[in-house]
Amino acid sequence: MRWGYLKRWALTKRMMRSILAGLSYAFPVVLMRNKLPLPDYELSVVTSDENEVLSSASIIGGIVVATLVVTIFLFQGLSRIGLLVAGIFLAFGIGQQIISACLNVVATDVRTFISKWNTVVYSWSRTKSGREWRFIEDHAVRIYISPFIIHILPDYFGLKPSSEVIEEFVRKNKHEVDYDKKVGKEEPSHLSFSEYAIHYLNDRLEFHDRVYEMKEKTGVIDPILFIAIGTIVWLISSI
């Protein structure tokens, strides 16, 4: 139970930091001295599920909505009820946009993770011979069919990393794909890891697609309706 709370907090923190980092580009003068360097991805995000993602995003969106509504009420009160109602609708629209931004953070982290590890497995398979490795290579190519997955290798790999360089990287970072078996210099251990990694990446790709679909629905339809209604109410009450 405690681990679940810690993981959800890490997920929420990642979303908030990413949104703030994005704002630093929108307001470079204000936040120039406080830019937030972020890693390529967080494992707490990559290994999350839909419930954890929606819960964390909803918490952040709810805090934003509550803060805006309270602020509007404190400054406006009940003197002009029309503007208060308009502000509430606009606050909900902004809250939905925040939720969409949070979901986008998750989708971005997951696709970066998949892109890196799929490229590692693909590059490893290209250094090997045998029908089993051609099977691995073929499945890695299928993952590349997704428009979100690109070719990403760690900087020190170079354009054509050797099998030994990839083996060392896998041995040090196999925990990222939740692999607990030994990866040694033996060919069977390389093949076993690669087969497992392909299945793991396919699972995370399906998760990414579901989160991305939720992000598209949340960011396109609901916020526009809330903002449009709030704007109309505001215009009418201002006449």
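Guide: Let us start with serine 44. Its relative accessibility is 15%. Buried means under 20%, so serine 44 counts as buried. Keep in mind that this is a predicted model.

Visitor: Where is serine 44 found, and what is it in contact with?

Guide: Serine 44 is in helix α2, residues 43-46. Leaving aside neighbours within four places in sequence, serine 44 is in contact with Lys7, Ala10 and Leu11.

Visitor: Why is isoleucine 63 called exposed?

Guide: Exposed means over 50% relative accessible area. Isoleucine 63 has 52%, so the label is exposed. This residue sits in helix α3. The C-alpha atoms of isoleucine 63 and glycine 95 are separated by 8.3 Å. Along the chain, these two are 32 residues apart.

Visitor: What about aspartate 178: buried or exposed?

Guide: The relative accessible area of aspartate 178 is 57%. The cut-off for exposed is over 50%, so aspartate 178 is exposed. Aspartate 178 lies in the loop between α6 and α7. Its phi is near 60°, a positive value in a residue other than glycine.

Visitor: How do you know how α4 and α5 run relative to each other?

Guide: Look at the angle. Helix α4 (residues 81-126) and helix α5 (residues 131-144) pack at about 150°. Angles over 145 degrees count as roughly antiparallel, so that is the label for α4 and α5. Their axes are 9 Å apart, and the crossing is left-handed.

Visitor: Which residues make the contact?

Guide: From α4, they include Ile114, Asn118 and Tyr122. From α5, Trp133, Ile136 and Ala140 are among them. By class, the contact has 9 nonpolar, 3 polar and 3 charged residues.

Visitor: Which residues touch the most other members of the largest nonpolar core?

Guide: They are Val106, Phe113, Trp117 and Phe193, in a core of 46 residues. Helices α1 (2-26), α2, α3 (50-76), α4, α5, α6 (163-173) and α7 (187-220) each supply at least two residues. Helix α4 gives the most, with 14.

Visitor: Why might nonpolar side chains gather like that?

Guide: In soluble globular proteins, nonpolar side chains tend to be buried together.

Visitor: What does valine 106 touch?

Guide: Not counting residues up to four places away in sequence, valine 106 touches Leu11, Met15, Val45, Val53, Phe207 and Val211.

How values were computed: Residues numbered from 1 in each chain as written. Predicted model: local features only at pLDDT ≥ 70, side-chain atom pairs only at ≥ 80, totals over all residues. Heavy atoms only, no water. Helix = DSSP H or I, 4+ residues; strand = E, 2+ residues; numbered from the N terminus. Buried < 20%, exposed > 50% of the residue type's maximum accessible area, 1.4 Å probe, protein only. Contact = heavy atoms within 4.5 Å. Axes fitted to C-alpha atoms, helices over the stretch in contact; angles between N-to-C directions. Parallel < 35°, antiparallel > 145°, perpendicular 65-115°, else oblique. Left-handed = near helix turned anticlockwise from the far one by under 90°. Nonpolar A, V, L, I, M, F, W, Y, C, P; charged D, E, K, R; others polar. Core = buried A, V, L, I, M, F, W, Y, C linked by side-chain atoms within 4.5 Å.
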